[in-house]
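Trainee: I have a new structure on my screen. How do I start reading it?
Mentor: Let us open it and go feature by feature.

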Amino acid sequence: MTDEQTIDEQIIYEGKIPVKTLMATQGSLMTFWNIGLLKAWINSKRVTLKITSQRIEFVKGLMSTAQESVELYRANDTDYSQTFLQKKFGVGTIRIISADSTAPLIVFPIADPAAYREKIRNAIMAERKRMGTTLKESG
């Protein structure tokens, strides 16, 4: 990667998955059980998410870690969903369909999914333009 490519890279989101996001994603009963709260807290500590104007990076694990990176210009489609409980918590799930063979489907919970989905969509279009690539639809 050249210095020119890294200079243009802007961070859209960086951090751990918030506990409230996991509580709302994993079910309403979990919020009332100590085991469910503990599980949500542990899961929030095991995933770090970084979304930039050029890529999405996941780092998973507590004791051992695995890192996955997907270049945004390889993304084919994005959407988000919110269950009733997720809406109450202000969180949801973003889904990105990718042409990357190691990560064809990227799914993660996040606060304010509509806003982040739009930021990601705009970053995908800008990165494709910067890279000089286009999406070829099959059909």
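Mentor: Start with one residue. Serine 53 sits in the loop between E2 and E3. Keep in mind that this is a predicted model.

Trainee: Is serine 53 buried or exposed?

Mentor: Judge by relative accessible area; buried means under 20%. Serine 53 has 16%, so serine 53 is buried.

Trainee: Which residues is serine 53 in contact with, leaving aside neighbours within four places in sequence?

Mentor: The list is Asp8, Glu9, Gln10, Ile12, Leu72, Ala123 and Glu127. Look at the side chain too. The serine 53 side chain reaches the backbone oxygen of aspartate 8 at 3.5 Å.

Trainee: Now the charges. How should I think about salt bridges?

Mentor: Side chains of opposite charge can pair when their charged atoms come close. This structure holds 6 salt bridges. Take arginine 55 and glutamate 9: their side chains meet at 2.4 Å, N to O. That pair links distant parts of the chain. Arginine 55 is in strand E3, and glutamate 9 is in the loop between helix H1 (3-7) and E1. They are 46 residues apart.

Trainee: Are arginine 55 and glutamate 9 buried or exposed?

Mentor: Both are buried. For arginine 55, the relative accessible area is 7%.

Trainee: Which glutamate meets arginine 55 in a salt bridge at 3.3 Å?

Mentor: Glutamate 71, again counted N to O. Arginine 55 lies in strand E3 and glutamate 71 in strand E4 (residues 66-71), so this bridge ties together parts 16 residues apart in sequence. Glutamate 71 is partly exposed, with a relative accessible area of 25%.

Trainee: Which residues do salt bridges with shared partners join into one network?

Mentor: Glu9, Arg55 and Glu71.

Trainee: Let us turn to the nonpolar side chains. What is the general idea?

Mentor: In soluble globular proteins, nonpolar side chains tend to be buried together. Here, the largest nonpolar core has 21 residues. Leu49, Ile51, Ile96, Phe108 and Ile120 have the most contacts inside that core.

Trainee: Which elements give two or more residues to this core?

Mentor: Five strands and a helix do: E1 (11-16), E2 (47-52), E3 (55-60), E6 (91-98), E7 (105-111) and helix H5 (113-131). The largest share, 4 residues, comes from H5.

Trainee: Zoom in on isoleucine 51. What is isoleucine 51 in contact with, beyond its neighbours within four places in sequence?

Mentor: Gln10, Ile11, Ile12, Tyr13, Ile56, Phe108, Ile110 and Ile120.

Trainee: Now the surface. Which residues make a nonpolar patch there?

Mentor: Ile97, Leu105 and Val107 make one of about 230 Å². Pick valine 107, in strand E7.

Technical notes
Residues numbered from 1 in each chain as written. Predicted model: local features only at pLDDT ≥ 70, side-chain atom pairs only at ≥ 80, totals over all residues. Heavy atoms only, no water. Core = buried A, V, L, I, M, F, W, Y, C linked by side-chain atoms within 4.5 Å. Buried < 20%, exposed > 50% of the residue type's maximum accessible area, 1.4 Å probe, protein only. Contact = heavy atoms within 4.5 Å. Patch = residues over 30% accessible without salt bridge, like charges linked within 9 Å, V, L, I, M, F, W, Y side chains within 5 Å. Areas by Shrake-Rupley, 256 points an atom, 1.4 Å probe, with all protein chains shown as cover. Salt bridge = Lys/Arg side-chain N within 4 Å of Asp/Glu carboxyl O. Polar contact = N/O pair within 3.5 Å; in protein donor to acceptor, adjacent residues only side chain to side chain.
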